[in-house]
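Here's a quick tour for anyone meeting this structure for the first time. Have a look at the model, then read on for the helices, the salt bridges and a bit of the surface.

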Amino acid sequence: VGECAISSEDAYATPLGDAQIARDLADALSAQTEVSRVRGDEEHSIEMQLPMLQRALGTFRFVPILMSADTLDACQRVGQAIANVAQGRNLLLIASTDLSHLDDYAEVQRRDAEALQAIQTFDVPSMARALLQRDVTVCGRIPLLTVSVAAQMLGATRIQFLHHTSSGDVTGRKEP
């Protein structure tokens, strides 16, 4: 099993139509780093992202990368591979994550603030020290670190938060 996996399917079906996988980019990434191929993957976060992206971007091709590694070294290797493949291309890099999976709204707010503070530094080793701790509930921390590495290698110098919310903010349910 490689440090990451890419679907061997041709597309993901959504209510807005098929989202095509960019086979050429998937193959280029496979040439840069160890990649497993999966068929019929059950990763669900992409199902939340694709319709939104289809609505915002229209027709596009993409490479869904599932991360199986859990170390900063792996994030750096895969991030470097992504940067190598992205070099000279007009690509959008996305890492999807939830910050907290807790029932206590006050604890969610505290932990989210800590995670956001670490992410805001855009210093990957500092981010990793904060996000890779055992009690951190950030589920997409490995993709977040990996995309941060790739973005920096491609010239990014900062992170800008557009919006942050939690389920308690949306539902109004804020009691423990």
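What you're looking at is a predicted model, where local features need pLDDT of at least 70, side-chain atom pairs count only at pLDDT 80 or more, and totals for chains, interfaces and linings use all residues. Residues are numbered from 1 along each chain as its sequence is written, and side-chain values use heavy atoms, with hydrogens and water left out.

**How the helices pack**

- Helices (H or I, at least four residues) and strands (E, at least two) are DSSP runs, numbered from the N terminus.
- Take helix α1 (residues 23–32) and α3: their axes come within 9 Å and cross at roughly 130°. That makes α1 oblique to α3.
- Those axes are lines fitted to C-alpha atoms, for helices over the stretch in contact, with angles running from 0 to 180 degrees between N-to-C directions.
- For the angle names, under 35 degrees is roughly parallel, over 145 roughly antiparallel, 65 to 115 roughly perpendicular, and the rest oblique.
- α1 goes past α3 in a right-handed crossing. Handedness works like this: left-handed if the near helix is turned anticlockwise from the far one by less than a right angle, right-handed if clockwise.
- A31 sits in helix α1 and counts as exposed, at 67% relative accessibility.
- Now for α4 and helix α5 (residues 124–131): their axes come within 8 Å and cross at roughly 160°. That makes α4 roughly antiparallel to α5, and their crossing is left-handed.

**Salt bridges**

- How many salt bridges does a search of the whole structure find? There are seven, each being a side-chain nitrogen of Lys or Arg within 4 Å of a carboxyl oxygen of Asp or Glu.
- One of them joins the side chains of D24 and R61, at 3.0 Å from N to O. D24 is in helix α1 and R61 in strand β5 (residues 61–62), so this pair ties together parts that are 37 residues apart in sequence.
- D24 itself is partly exposed, with a relative accessible area of 40%.
- The side chains of D27 and R37 also meet in a salt bridge, again with 3.0 Å from N to O. This pair links distant parts of the chain, with D27 in helix α1 and R37 in strand β4 (residues 35–38), 10 residues apart.
- Both ends are partly exposed: D27 has a relative accessible area of 43%, and R37 has 36%.
- D169 pairs up with K174, their closest N and O atoms being 3.9 Å apart. D169 is partly exposed at 31%, and K174 is partly exposed at 39%.

**A nonpolar spot on the surface**

- L57, L92 and I94 form a nonpolar surface patch, with about 290 Å² of accessible area together.
- Patches are made of residues with over 30% relative accessible area and no salt bridge, joining like charges within 9 Å and nonpolar side chains (Val, Leu, Ile, Met, Phe, Trp, Tyr) within 5 Å.
- The areas come from the Shrake-Rupley method with a 1.4 Å probe, and for residues only the protein chains shown count as cover.
- I94 belongs to the loop between α3 (72–86) and α4 (105–120), and is partly exposed at 42% relative accessible area.

Definitions and conventions: Buried < 20%, exposed > 50% of the residue type's maximum accessible area, 1.4 Å probe, protein only.
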